[in-house]
Amino acid sequence: MPDVLVLVDHDGARVHKSTYELLTGARRLGDPAAVVVGTPGTAARLKDPLARHGATSVYAAESPEADEFLSTPAVDALEIAVREVSPAAVLVSATTDGKEVAGRLAARLDAGLLVDAVDVDPAGVATQVVFGGSYTVRSQVTHGLPVIAVRPGSFEPEERPVNAGERQLALPPVGRAASARITARRAVLAGDRPELTGATVVVSGGRGVGGADGFKVVEELADVLGGAVGASRAAVDAGYYPHQYQVGQTGKSVSPQLYIALGISGAIQHLAGMQTSKTIVAVNKDPEAPILDLADYAVVGDLFAVAPQLAREVAARREAG
Amino acid sequence: MNIVVLVKQVPDTAAERTLSEADHTLDRENADLVLDEINERAAEEALTLKETAGAEVTVVSMGPDSALDAIRKVLAMGADRGIHICDDRLRGADLVTTAKVLAAAVRTVKDVALVLAGNATTDGQSSAVPAIVADLLGLPQLTHARELTVDAGRVRAERETDNGEATLDAPLPALVSVTEKINEPRYPSFKGIMAAKKKPVETVGLDDLFPDADGTGLLTTRTHVVEAVPRPARGVGIRVTDDGSAGRRLVDYLIAQKLV
């Protein structure tokens with residue numbers, strides 16, 4: 001079987017779950033081969049978990065400056081790997097960085113690029129959801145190597161232990177004039193709540209929440225349900241909640257098992273970011289709010305009465321066991 | 001300093017968007033088209049630099065005749081000149097082709113210090129084109145910037161993504177894509193709108209941008225849409241009016257659905 005190159009997402013010590021998902025997807029197209037880009041020693045640290053999840057080869061593209069420059073080392077590494085291995089496809093996670101790496105690689109190789117795939121079949125046909133979930137599109141690469149950026153959460157990680165071969169790929173020095181240097185990094189403080197895009201439950205507040213203080217009700221319900229907190233653009237624009245929690249067309253797209261919208265009217269801007277959620281619950285005082293027509297369970301009522309009651313009741317039922 | 005701003009005309013996100021049944025491309029005839037709102041912030045950043053550091057701002061857009069409206073809007077905001085890439089052969093262009101064409105248009109502008117773009121457009125949302133353009137032009141990519149400083153031949157950006165925040169530094173020339181957070185775009189003044197009518201806009205096609213190419217390599221379609229299906233509308237769900245017990249009743253529903 002031909003190799004399918006998978007770019008490994010990692011923090012230097014651990015492989016991110018999205019990579020195990022890619023390895024699952026890659027098996028449909030060929031033998032998964034993991035490409036680790038990092039400082040010397042990284043691939044050796046990550047090899048075992050990668051092999052446990054089915055990576056038949058681990059390519060180490062290491063250099064002391066690999067972490068210092070934005071994206072360029074990963075693009076260079078994949079380009080070199082493609083030329084050495086002639087893979088059937090290249091899969092990367094459709095994260096912010098992954099999409100840029102995939103795009104640059106495709107341009108260099110004159111390859112076919114598919115971004116934000118949610119599924120890939122053995123023939124290489126990728127499924128994408130566009131316009132905030134209003135269309136399902138199936139696309140195929142017809143010219144050149146398929147470079148596919150797969151949305152995190154699209155495949156289940158699977159343990160599939162194999163013996164992985166290891167090979168070194170020589171990374172060229174990074175061109176100073178053509179690469180941005182990363183001079184500082186700060187992790188975004190997420191607190192104890194799950195990350196918004198990967199959460200199974202999301203509780204979002206809109207302008208109906210009335211202010212930053214009102215978001216406590218949203219947070220309390222989210223915490224009882226073990227969910228992430230989101231906000232509509234109207235709530236973010238009004239300064240009720242920070243921008244990085246915005247769900248919608250210009251914010252984040254979420255697709256949880258349960259989405260609870262509190263005081264959100266349901267502007268298309270917002271619906272575009274959440275309407276692929278499996279179950280939607282909406283609470284709104286305004287019986288005309290468009291989101292009520294989209295919800296699986298719509299409550300016309302005051303969120304400050306309904307949400308705390310829901311939170312208390314969930315906690316009470318849990319305790320009752 | 002010469003700055004190029006890449007902008008795109010997109011369907012208004014406040015309205016319904018559809019794909020044409022014939023070739024699965026955006027149905028522009030039935031869409032309300034506007035200058036993409038994040039691109040508008042890229043333009044604002046260019047105009048701020050024009051005011052503070054002195055620059056000539058060229059706005060570039062690829063699209064059919066209507067895209068001229070997006071260019072005129074940025075000219076009305078204060079940009080100096082426009083390049084409109086208009087060629088029927090670009091209908092349905094993929095990401096790589098789009099980036100190659102935009103890069104070629106940037107190359108027609110002399111001594112470019114900075115290329116500015118939005119980090120994503122609200123229609124495609126692939127968020128990959130700025131990085132590809134940077135790679136094709138051999139420029140450093142400083143993407144997803146929520147803050148930008150240009151000083152002494154260098155550019156610094158505060159980058160914010162799902163992975164966290166980072167400070168990026170690179171020599172000019174460079175490409176910067178901005179997020180929605182970077183600024184509040186100005187409104188064109190009446191004077192600006194009148195002045196924009198007299199500003200030069202050059203219309204170019206593929207033959208102008210790639211005089212030596214036979215066009216076949218560039219226009220190779222690398223991907224093919226097998227099918228595009230509108231997602232079924234969500235069925236009408238349960239609707240209750242709170243009588244003081246809605247929260248309790250909702251728990252029964254969530255338990256029945258195995259959601260709690």
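**Entry 1: chain B overall**

Before anything else, I noted that this is a predicted model. The accessible surface of chain B is about 11,600 Å², and carbon and sulfur atoms account for 50% of that. I also checked how far contacts reach along the sequence: of those in chain B between residues at least 6 apart, 71% join residues at least 24 apart.

**Entry 2: the cores**

Which residues touch the most other members of the largest nonpolar core? I got Val37(A), Val90(A), Leu6(B) and Ile85(B), out of 61 residues in that core. Its largest share is eight residues, supplied by helix α3 (residues 95-107) of chain B. Apart from this core lies another one of 37 residues, including Ala55(B), Ala76(B), Met77(B) and Ala196(B). A reminder to myself: nonpolar side chains tend to be buried together in soluble globular proteins.

I then clicked on Ile85(B) and listed its contacts, skipping residues up to four places away in sequence. Ile85(B) touches Val60(B), Ser61(B), Met62(B) and Gly63(B), then Leu90(B), Val101(B), Leu102(B) and Ala105(B), and finally Val204(B) and Leu209(B).

I looked at two helix pairs that join chain A to chain B. In the first, helix α4 (residues 96-109) of chain A packs on helix α4 (residues 129-137) of chain B at about 40°, with the axes 8 Å apart. Since roughly parallel would need an angle under 35 degrees, I wrote α4(A) and α4(B) down as oblique to each other. The crossing of α4(A) past α4(B) is right-handed. On the α4(A) side I listed Glu100(A), Gly103(A), Arg104(A), Ala107(A) and Arg108(A), and they meet Ala131(B), Ile132(B), Asp135(B) and Leu136(B) of α4(B).

In the second, helix α9 (residues 303-320) of chain A packs against helix α8 (residues 246-256) of chain B, at an angle of about 50° and with 7 Å between the axes. That makes this pair oblique too, and α9(A) and α8(B) have a right-handed crossing. Among the α9(A) residues in this contact I noted Val306(A), Leu310(A), Val314(A) and Arg317(A), and among those of α8(B) Leu250(B), Val251(B), Leu254(B) and Ile255(B).

**Entry 3: a pair within chain B**

Next I checked helix α1 (residues 37-53) and helix α2 (residues 67-77), both of chain B, which pack at about 30° with their axes 10 Å apart. This angle puts α1(B) and α2(B) in the roughly parallel class. The contact runs from Glu40(B), Ala43(B), Glu44(B) and Leu47(B) of α1(B) to Lys73(B), Val74(B) and Met77(B) of α2(B). Met77(B) was already in my notes as a member of the 37-residue core.

Is Val201(B) buried, exposed or partly exposed? Its relative accessible area is 23%, so it goes down as partly exposed; the cut-off for buried is under 20%. Val201(B) sits in strand β11 (residues 201-204).

Ser177(B), in strand β10 (residues 174-178), is buried at 1% relative accessibility. Its contacts beyond four places in sequence include Ala117(B), Asn119(B), Pro130(B), Leu142(B) and His144(B).

Most residues other than glycine have a negative phi, and most peptide bonds are trans. I went looking for exceptions.

- The Leu172(B) to Pro173(B) peptide bond is cis, with omega near -5°, and Pro173(B) is in the loop between β9 (164-171) and β10 of chain B.
- Asp111(B) has a positive phi, near 50°; this residue is in the loop between α3 and β6 (112-118) and is exposed at 68% relative accessible area.
- Ala152(B) also has a positive phi, about 50°; it lies in the loop between β7 (141-151) and β8 (154-161) and counts as exposed at 75%.

Technical notes: Residues numbered from 1 in each chain as written. Chains lettered and ligands numbered in written order. Predicted model: local features only at pLDDT ≥ 70, side-chain atom pairs only at ≥ 80, totals over all residues. Heavy atoms only, no water. Core = buried A, V, L, I, M, F, W, Y, C linked by side-chain atoms within 4.5 Å. Buried < 20%, exposed > 50% of the residue type's maximum accessible area, 1.4 Å probe, protein only. Helix = DSSP H or I, 4+ residues; strand = E, 2+ residues; numbered from the N terminus. Contact = heavy atoms within 4.5 Å. Areas by Shrake-Rupley, 256 points an atom, 1.4 Å probe, with all protein chains shown as cover. Axes fitted to C-alpha atoms, helices over the stretch in contact; angles between N-to-C directions. Parallel < 35°, antiparallel > 145°, perpendicular 65-115°, else oblique. Left-handed = near helix turned anticlockwise from the far one by under 90°.
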